[in-house]
Amino acid sequence: MIHTATTPVDRPTPLLARLLCPPGPAKDQLIIEGDDGVFAVAGRYCVTYLILAPGRVAVVDCGSAADLPLIRRALAKLGRAPAEVCFVLPTHLHFDHVMGVDLLARSLKTPVALGTTSLAHVRDGHPLRFPSGLTALRSLATWPMQGMPVFTADDWRGGLDFGFPWSHNRFRAPLLALPQHGAPLPEFSGWTVLETPGHADDALCLHHARTGWLITGDTLRNFLGGEWNPMVCDQIAYQRTRARLSTLHVSRVLPGHGPTFATPNGLATLPQRPWWQP
Ligand SMILES: [Zn+2]
Ligand SMILES: [Zn+2]
């Protein structure tokens, strides 16, 4: 069952996004099937997903300090106490997904859950590659597609150490190591952690096999109706990730950018955009 909630305050004008993106901007949305649920919070630079289980919530991605009140409001609307949040999990360490993560985790007194590659970077300084050259230029065009959100004062102050090529990503919240590829997401039965490098070295997806939901971060996006992301740091790894994800039962993609979308034919038939498109 899918409910689209009213959009709360404080977001960049969706006019440009409406003009440039056929699916329109991401919306707050509650998706429920039986005991399983996910709430999409349309944040400032990316979508935050709240994975809902009885008595427990996992927060996936938080791109901006400005998203904290939106997430707290979403929890209140769902009748969930902040103490139910088990961890905050960035799908990958790119600024638009991570600038609010540490702040949120500390305000909720909960750990930051990191995948193996993110953790190796944070703990041991293992470098992470970013999309570069032409593929990075394509990202400039996606900025107006998201309504041209500008950094808030809090993001300038505290966020810049997170998610940029120069960032050290020094989380002050305690860290929680996620299990490796294919293992269950701790405390959320039915959800699996998938390592999906390509867009970023540390990119993760979260898959719920029974319902076919897939939370993708930037591995898939929905600016143009639901597509593979042309912005990658490792083309070969991305092709492998595509092939692997295409074998899964996926009924709905919950992307980091744009609204969620149904995939009645799975992922294998999703388009890859030509080089001249963003
Ligand atoms: Zn990214
Ligand atoms: Zn992103």
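Why does Gly-226 count as buried? Gly-226 has 20 C-beta neighbours inside 10 Å, so it counts as buried. A residue is buried if 20 or more other C-beta atoms lie within 10 Å of its own, exposed if 12 or fewer, and partly exposed in between, with C-beta atoms placed from the backbone.

This is a predicted model, in which local features need pLDDT of at least 70 and side-chain atom pairs count only at pLDDT 80 or more, while totals for chains, interfaces and linings use all residues. Residues are numbered from 1 along each chain as its sequence is written, and chains are lettered from A and ligands numbered from 1 in the order in which they are written.

**Confidence and overall form**

The average pLDDT (the predictor's confidence in each residue, from 0 to 100) is 90 for the protein, and 91% of the residues score at least 70. Over residues 6-13 pLDDT stays under 50. Where pLDDT is low, the predicted coordinates should not be read in detail.

The protein has 8 helices and 15 strands; these are DSSP runs numbered from the N terminus, with at least four residues for helices (H or I) and at least two for strands (E). Its radius of gyration is 17 Å, close to the 19 Å that the globule rule gives for 278 residues, so the protein is as compact as a globular protein of that length. The radius is taken over C-alpha atoms, and the rule is 2.2 Å times the number of residues to the power 0.38. Of the 278 residues, 45% count as buried.

Strand E5 (residues 56-60) is largely enclosed by the rest of the structure, because 4 of its 5 residues are buried. Two strands pair if DSSP finds at least two bridges between them.

| Strands | Bridges | Direction |
|---|---|---|
| E4 (residues 47-53) and E5 | 5 | antiparallel |
| E5 and E6 (residues 85-89) | 4 | parallel |
| E11 (residues 213-217) and E14 (residues 252-255) | 4 | parallel |

E4 and E5 form a hairpin with 2 residues between them, and Gly-55 in the turn has a positive phi of about 75°. Val-57 in E5 is the bridge partner of Leu-52, and Val-57 also stands opposite Val-85 in E6. From E5 the chain crosses through helix H2 (residues 68-77) to E6 in a right-handed β-α-β crossover; right-handed means that, with the strands pointing away from the viewer, the path from the first strand over the helix to the second runs clockwise.

Not counting residues up to four places away in sequence, Val-88 touches residues including Val-59, Val-101, Leu-104 and Ala-105. Contact requires C-beta atoms, placed from the backbone, within 7 Å. Helix H4 (residues 101-108) has 6 of its 8 residues buried, so H4 is largely enclosed by the rest of the structure. Its buried residues include Val-101, Leu-104 and Ala-105, and their cover includes E5, H2 and E6.

**The surroundings of Gly-226**

Gly-226 lies in the loop between strand E12 (220-221) and strand E13 (227-228). Beyond four places in sequence, Gly-226 touches Val-253, Phe-261 and Leu-270. Val-253 in E14 stands opposite Leu-214.

Conventions: Two residues are in contact if their C-beta atoms, placed from the backbone, lie within 7 Å.
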